[in-house]
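Here are a few quick notes to read alongside the model. Have a look at it first, then go through the points below.

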Amino acid sequence: MKAHLTRQTFIAGLALAGFSLAAAPALAQSAARIGAPAPAFEAVDADGKIRKLSEFAGKTVILEWTNHDCPYVRKHYNSATMQTLQKDMAREGIVWLSVISSPVGEQGHVDGAKANELTKSRNAAPAAILLDPNSKVARAYGATTTPHMYIIDGKGTLAYMGAIDDKPAASAASIEGAKSYVRQAVAELKAGKPVSEPSTKAYGCAVKYAPVS
Amino acid sequence: MAYPLTRQLWRQALLVLALLAPGLAQAAESAAVTSPRVTATLLSSRDAVAPGERFQVALVQKIAPGWHTYWANPGDSGEPTRIAWTLSQGATAGEIQWPAPKAIPVEPLVNFGFEGTVLLPVEIAVPPEAKIGERLTLQAAATWLVCEKICIPEEGTLTLDLPVAPAAIVAEAAQSRIEAARAALPAPAGFRGRLAAEGEALALTLPGLPAAATELRVFPLSDTLIDHAAAQEVRTSDGATVVRLARSSAFKIAGGEIAGVLTYREGGLSRALTFAADVEPALAGAASAPAAPPATVRIPLPAEGADLTLWAALLFAFAGGLILNLMPCVLPVLFIKALGFAQLAQASRAQVREQGLLFLAGVLVTFMALAAMVIALGALGTSVGWGFQLQSPPLVIALAVVMTLIGLNLLGAFEIGTSAAGVGHGLASRGGRLGAFMTGVLAVVVATPCTAPFMGAAIGYAVTQPPLLGLSVFLSLALGFALPVVALSFAPGLLRLLPKPGRWMLILKQAFAFPMFATAIWLIWVASVQAGPGGVLAALVAVLAAGFVVWLVGVTRGSGRGRLASSLVAVLVACGAGWFVVQSAVPEVAQARAGDTQAWSPERVVALQAEGRPVFVNFTAAWCITCLANERVALSRQEVKDAFAELKVVYLKADWTNRDSRIAFALAEQGRAGVPLYLFYPGGKGGQPEILPQLLTPDMVVSAARRAAGKEVRTAGR
């Protein structure tokens, strides 16, 4: 019995090792884990400044993956729900970072000037827009869709990752009556409670990734 | 022979009519909704529909190269195609029957969807009340997301306008396109998988997958189960295929099972199966968040039980319980109860009520115990179904003995309880309290083989639900079952309708002995099927021993020392007989009986379908009265045999008299927990079976055979 168990463990170990090698890119992609320190990053913002996660220590940070041409993103901006959310969060003292990971030549790629123009024309209110054209930040967090939301609490721990709300559809009508996972998580964090739905399935367009260089 | 001829004439007349009447036979495909990426139409397998029929339509998406639309679970991003139906004439539409998806990499992500041209079939049910001469309008408001690297949400309303005629007119070209698409749909896997934790990952065990399968890929229906882009590592263990799957970052499991589609290649051919897998309880409990929202998409099962809501299941269960009272296995037991009431008609109302409530208690306790066992065994991964207790030959024999003893008692061969005073005094007074309770117990135990109509779906639902929901369905069943007796005991008016005790009662009581003996004979026959000649010998020895024991106890009653000795002998004889029964009543391996039927296996169905033969599968058991009745009144009739021969139907029998986990899986796949179940598979690879009702008529079987054989035209008002 014992020998049998040992052999099983050994085989399982081998399988695990083999799997880790085979799935290394996939694993690296989903390194962001609820309850673990949020992956550190460094990126240039729309104004050309280098921003790091560490500079926001002690504050709650929200990451929003975005692509202004994606129908799902447009749904949230055209209805002004995204801008309202950004302003409400700013009022709470929360840092909102919009992340654009589309590489040059792909839909959604913008330079700093265009990013700022979009913010102005849409009356959006992010604290900063991070430009991630080689998709490094996206890989670190395993972002799959636009929008894809992450909330990092004051201790630098990842508290929420997933969808913006519970209506995974592109139609404008789906906004009505949607439950905002982001608002829910922020309210629970503020009340000192654990986040009840810390991880949901994000929905939207695929994040346009740059090829691994 | 004259009858089919008139039918033929009718059909031809209709055809002529169809050609003459402008606009009657032109509507097999709707106008297209077109974008540079997708051309969508609605395709109908009918030029005209008949009232009461079910037929197939399909949403056709012709997708430009490089673009794709999405499956029920779109994978890492995207959105499945959805259809909102508006149908005239009270018609209803089923769910989309999803083809097997492709994994479409969008580095480093993976989507599940379709490229090229895809047909999404949907079944439309025309109600029998549909008005002939008017039109059936099908309006499909469809939305889909089409992506290359960028995504465009598209939508369109597709309309078909079909005449309602006395007989359906098949649109041959459209029909064959849709049937080809349906033949390529994932076929139900002949097995049930298991999903367990394996460290951080998941291990999906798939027993019964061919060893030669390569390029295996698992597509779960839930989008919160696996990391869609991660590699799926396949290994074999104990003859089963095990797939290691990385967990989704939003890992969540709703309920005790998961479902999805498997694709693989075997001998150069692509194959696809729908599968369900039981989730290891620890894993289901470990799902990250509480109160998962119910999955909005699932593979449409063509089963009665699959889409039941809780309320419908409760209602079906209640109705099923009521009807169960009329089944041949229960009737004798209810005779006894009715007899008891007849005798109690003179007694106080309170006493009668007490009797009714005790009967109710007996029924409830037994039902709950059996249900708890079924659910607990199910949770442990043992596949049992309703009526499983009758799969044990010693139990069947014990029941036969009980039936015989009740019969002997009714005939007055011996009395249970006190010194025999008045007629049936024992049953009514001292036997009273315990007797009433035990009658309830006995009624349930003998009732279980009769899975009455309505109950199949309800029980199928119950065993697939969380335990508490499952138990509540069984509770509803028990309440329905006990209702007539309880109502009788609570309604003095009803009781007064029963005639006064007298000599007639003695005669009636004796007459009731014979249904009991009949039941005993039937049970011994069941034992003979289960355990062969050894089973019959064991059963008869048990009956003999039981008779001897009650006689011995009766004779020596009242004499002090003799009584001790005789009790000792009685115990010895009973134990000896019991031992003999357990020893000799060993189940035999089930084998096909009757010359023109063959034994069922999922592989056999697939192979026969591939040969283009329609296949009829009869899931039955010797202890299932409904099954035997159907075989007698429908399946063994000459007209059915003729039709089967003419249409080259292969008749397969899945005999569940003894335990057989493959049959239990197959039943579960159709949302059932017990027999009977009748499936008619069309000829042609992968065709989905039609489920026939639980009570058959020869006509019903013949027309199902015609449908399965592709002889489509179905006359109305049959």
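**Notes on helix packing and disulfides**

1. Helix 4 (residues 81-91) of chain A packs with helix 7 (residues 181-190) of chain A at an angle of about 10°, and their axes are 11 Å apart. Axes here are lines fitted to C-alpha atoms over the stretch in contact, and angles run from 0 to 180 degrees between N-to-C directions. Helices are DSSP runs of H or I with at least four residues, strands are E runs of at least two, and both are numbered from the N terminus.

2. What makes that contact (heavy atoms within 4.5 Å)? Helix 4 of chain A brings Thr84(A), Leu85(A), Asp88(A) and Met89(A), while helix 7 of chain A brings Val182(A), Arg183(A) and Val186(A).

3. This is a predicted model: local features need pLDDT of at least 70, side-chain atom pairs count only at pLDDT 80 or more, and totals for chains, interfaces and linings use all residues. Residues are numbered from 1 along each chain as its sequence is written, chains are lettered from A and ligands numbered from 1 in the order in which they are written, and side-chain values use heavy atoms, leaving out hydrogens and water.

4. Over all chains there are two disulfides (cysteine sulfur atoms within 2.5 Å). In one, the sulfur atoms of Cys70(A) and Cys205(A) are 2.1 Å apart. Cys70(A) lies in the loop between strand 3 and helix 3 of chain A, and Cys205(A) in strand 9 of chain A, 135 residues apart.

5. The other pair is Cys147(B) with Cys151(B), S to S 2.2 Å. This link is right-handed, with 110° about the S-S bond.

Note on methods. Contact = heavy atoms within 4.5 Å.
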